[in-house]
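Q: Please take a close look at one part for me: the interface, and what sits around it. Keep it brisk.

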Amino acid sequence: MARSAYMTELVRSVRGSLGRFLAIMCIVALGCGFYAGLRMCGPDMRAAADRWYDGSALWDLRVVSTKGLSDAQVERLSKVKGVSQVMASRTADVVCKLGSDQVAVRVTSVDADAARKSKATSAYAVSSSKGSYLNRARLVSGRWPKAAGECVVSADATRKIKVGSTVEVVSASEDVSTILSTTMLKVVGTVSSPDYPYTGSFGSTRLGSGTIGQYVFVTASTFASDYPYTDAYLTVGSARAAVSGSSAYESAVDKVKDRVEKIEGSLAADRLAELKSQAQSRLDAQVAAAQAAAAQAASAGASTDLSAAQQQLAAAQEQVDSMAAPDVYTLDRSQSEGATTYEADTERLDRIATVFPAMFFLVAALVALTTMTRIVDDDRQRIGTHKALGYGKGRIAAMYLGYALLASGLGAVLGICVLTQVLPRIVMDAYSVIYVVPTLEFPLPVDVGTALAAGGLGVGVTLASTLVAVAASLAEVPAALLRPRAPKAGKRILLERVRPLWRRLSFSWKVTFRNLFRYKRRLLMTLAGIAGCSALLLVGFGLHDSIWDIIDRQFGPIVRYNATVTLADGAAQADVDSAIACLRSKGDATGIVRVHTDTMLARGTGSSSAATDKTRVSVVVPQTASKLASAVTLRDRTSGAAIAFGQDSVVVTEKLASLYGIRAGDTIVLYRQDDVGNATGKGVRLKVDAVAENYVGNYVYVGRRAWRRAMGATPSFSTVYARVTGGSKAESRTSDALHDIAGVSTVSFTRQTISTYRHTLSVVDMVVVVLIVSAGALAFIVLYNLTNINVSERVREIASLRVLGFTRREVHAYVYREIAIIALLGDALGMLLGSWLERFVITTAEVDYVMFGREIHPLSFAFAFALAMAFTVAILLLMRPRLDRVDMVESLKSVD
Amino acid sequence: MSFVEFEDVSKVYHTGEVEVRALDGMSFSIKKGELAVIVGPSGAGKTTVLNLLGGMDSCTSGTIRLDGQLVSGMGERELTQYRRHDIGFVFQFYNLVQNLTALENVELASQICRDPLPAADVLAQVGLADRLDNFPAQLSGGEQQRVAIARALAKNPKLLLCDEPTGALDYRTGKQILSLLQDSCKAGGRTVVIVTHNLAFTQMADRVIHVREGRAASIETNDHPSDASQVEW
Ligand SMILES: Nc1ncnc2c1ncn2[C@@H]1O[C@H](COP(=O)(O)OP(=O)(O)OP(=O)(O)O)[C@@H](O)[C@H]1O
Ligand SMILES: [Mg+2]
């Protein structure tokens, strides 16, 4: 009986205040939904990648040997405990001619038979009856190669290659004929490979500009017949169940990796023995041939050059004997550029997901508290009646807690269900611009823990707010509750003490000021609401500034060259001269500077992991120190002061310096890197003279003398920086001409780099927009709710004014002036909060090789400020009919 | 022509399906400078009369005039101006702005009309000369009602309308308020209309309008109204 009365009352109170019920429901839905939705973005993206990697049997470990591998070693690898499948393949980086450009291309052999028989069962899975067929690419168009000289190219490359066209291989790190059996590759199809999820870069290489621009798969027969396997790809069955990149995955893989690493030495020895015996038998054959020739010659009576031949053979023998063992490395996915870039992006999302939802919850709590307080206040009489009838406090509180539970519970379920689907989907779609990971389909997975945490927080916050609101009323005796609440007493404010000022204020301003401080809680909440809103807007605009600034500031003001020409090692001086002459004549080039460039690994001094984690840097050594300034502006970011650069100078760029806390006078340590990017040697220590402004990439500029002192070698200066004028036409004209010059290895223009960056950054921008729009919408709801409550609390006052004969306009002014002042204050506060928050988000979202702009443009402040004010004005306009509708007769009839 | 004229005024409220005839052919008039009392049982339509006369609501049919002005035909904007310049209202619950001092509450009204009386003077008139800087919460009910009267008077209105002005006050305080109202009529020459269900108030009135079921049942004039301090109930 009592139970049903309770239910009846609950239902009636929900129906009676549907608007407020919905307000609580919506705000909790948004708060919980955003929390859960944003939190699921990272995991969903990782799940999508994992599904793809598993579906296409992507390698977990990759064993690389500098002198190749043979079937014997591959066989040994397959015996390692925990290794499920092994696939050996050949890979080589070459430079191809694509149109007028030269692009670094990674050529990999594919098991053409297995590939042809494989079948794409979905966008993310390729099935094959051959278990050892790994890294299964999905055929997008055309067919798989059958014969030598046929290839399939990436369907995902920014620079598309048509099926039916032919790609010419022009150079490689060694003679192309030792690598490939043909230099003309006919394109017969396009594929999408799980090994290259990131389209911004397919990997780094020592060739050309340093980035792989295209990958192709060819038959084994396209490689030179004696070109050995370069890699063995391994899968670890026990890691399959775990999500790639997770700690469970890593620990499963690491166990096997440890075992593989244990046999690295013996694999290397094996390979050495093989190579030696091969060489020996070749040599023996040569010796035999030589001896036969000698015998023939002797019989013919000529014995003159026998000793020379013998000497040659002896030297060859010595070479065979002194053959060094190859370096064997075992890599995991964390050393694969695409996979790690993707994972880093998802982790950045995770971090952003910790900032924004917190703000959302704060706001939701604010709204729940004000709304519940209002409901309880309105119900004073009813609470009093219940108390007078003898209901216990618990029973009455349960009533409101039930209401709050119902509203917030429904909101939480609704918000979580909708936003865990919508938000990750939007984010995944945004990222699909630069990643080719097939996105998950609806329904997206929802992590139970995350959903429970979100729902629990949302419901908990609302219940706590309700308790706070109810407790105060319950503490009063029934008689007091049955009487109308004494109106909040007027009070003098501090400002009135400042007599001269107070006297000068007009009457209505006095009222406004006093009202401002009358309801302190409401003041604070409105202030917080508006400040939050404008802060979020500023973050949006600021992020946009920071992101796009890097392009405008980097290319032009800092990087003054727009063309980079690299010459083959050991290019003749004549070739360099003609390249420079060509730049001048075809491209009207200015600011021509010859430099030596090198990719190295850098770290700071000290033993903390922050200092010992190495970062890839570009080292630039100008041939003539004084000329560097015409290619690169070295300056201090804050003061703008130019940095002097001489023969002994060492200048590092800002992001790199901040990674290791390096300032002028500190030391940086540079390491050479081996084929797979591991640091070698003890490293050289350089004393840093200055830190220079820079946004993209990490650079160390070293003076010629300082370089020689540190490395003990004379640099080759095989790179030329130049500023070609005349736009893209002049660039392609110059490029064509340069390629005809012997010794010119690659030509690249920053135009391409800039467009790649724009492409990548537009994604981040998109995510930012999503965040800000939703946050703005949330702030809008909050403002509306607060203003609504503000107005409804003052209905009596408004009615009194109307009776006195205040016009509508005067009433608006009277009520809104204080809201406008709070809005202005809140907006200003939001600018402070926003610039702080923006800094936080920027540093969280930044990648290691990019430094976003650190300033928010004045115009952005203006926009954010104006937009927040526009929100406020819009809400006030929306509320105007409510003010006008206040019924004088009704409002003044009785006290409650 | 009389100062206040009600001619066959009807007011119908529509609440959902139900139609309530609050006034049904109400007619009466009041002369300038009179103190009129409108009495009747609960629900008779007294407050409705006052609301229509005060320009807070418009009638369904009939004509209402004040000082020759046709009130019943006014639009929302004109009604606002009418309330602003011609009417002073006193309610049962004082409806003061809590965040303003006594003086400021009076100034709130006087600042918007054409030739207001000095706020401090009016407050002195109602006997609150030394409470100017008190907030409503610091005043007793009677004192608050006096502030409300001062607020209405400071506008220097043509007509002072009071709805149950003593309803929330004790006997003694109520009497003080009545005296004050009678005084502002007699000494100030202002026309005052008081709505009440208390028949005792009729003794002090120049004119008594008995209202029953939305009509003026009878109208009496009182040539020798007694002093408000003599009224007993
Ligand atoms: N806004 C309204 N909507 C519907 N009906 C109304 C409204 N205002 C008044 N009424 C009805 O009109 C009639 C007259 O009401 P009014 O308030 O004028 O009475 P009253 O004489 O002032 O009574 P009381 O002495 O109780 O204050 C009543 O029946 C009342 O229910
Ligand atoms: Mg009434």
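**Salt bridges, then the interface**

A: The structure holds 36 salt bridges over all chains (a side-chain nitrogen of Lys or Arg within 4 Å of a carboxyl oxygen of Asp or Glu). This is a predicted model, in which local features need pLDDT of at least 70, side-chain atom pairs count only at pLDDT 80 or more, and totals for chains, interfaces and linings use all residues. Residues are numbered from 1 along each chain as its sequence is written, chains are lettered from A and ligands numbered from 1 in the order written, and side-chain values use heavy atoms, leaving out hydrogens and water.

Now go to where the chains meet. There, 30 residues of chain A are in contact with 28 residues of chain B (heavy atoms within 4.5 Å). About 2,700 Å² is buried between chain A and chain B (accessible area, with a 1.4 Å probe, that two parts lose on being put together, summed over both). Carbon and sulfur atoms give 60% of that area.

Next, the pairs that cross over. Four salt bridges link chain A and chain B. In one between these chains, Glu104(B) pairs with Arg514(A), and the closest N and O atoms are 2.4 Å apart.

Which elements of chain A give two or more residues to the side that touches chain B? They are α15 (507–518), α23 (795–804), α24 (808–845) and α26 (888–893) of chain A (DSSP runs numbered from the N terminus: helices are H or I, at least four residues; strands are E, at least two). The largest share, seven residues, comes from α23(A). By type, this side of chain A splits into 13 nonpolar, six polar and eleven charged residues (nonpolar: Ala, Val, Leu, Ile, Met, Phe, Trp, Tyr, Cys and Pro; charged: Asp, Glu, Lys and Arg; the others, Gly among them, polar).

Ligand 1 lies between chains A and B. Around ligand 1 are 14 residues (a heavy atom within 4 Å). The closest are Ser42(B), Gly43(B), Lys46(B), Thr47(B) and Thr48(B). Three of these names come back in the side-chain distances. An oxygen atom of ligand 1 is 2.7 Å from a side-chain N or O atom of Lys46(B). For Thr47(B), the distance from a ligand oxygen to such an atom is 2.6 Å. For Thr48(B), it is 2.4 Å.

How much of ligand 1 does the protein bury? Taken alone, ligand 1 exposes 630 Å², and the protein buries 70% of that (Shrake-Rupley method, 1.4 Å probe; for residues, only the protein chains shown count as cover). α26 of chain A gives two or more residues, as do β1 (4–15), β2 (18–30) and α1 (46–53) of chain B. The largest share, three residues, comes from α1(B). The shell divides into five nonpolar, six polar and three charged residues.

Technical notes. Polar contact = N/O pair within 3.5 Å; in protein donor to acceptor, adjacent residues only side chain to side chain.
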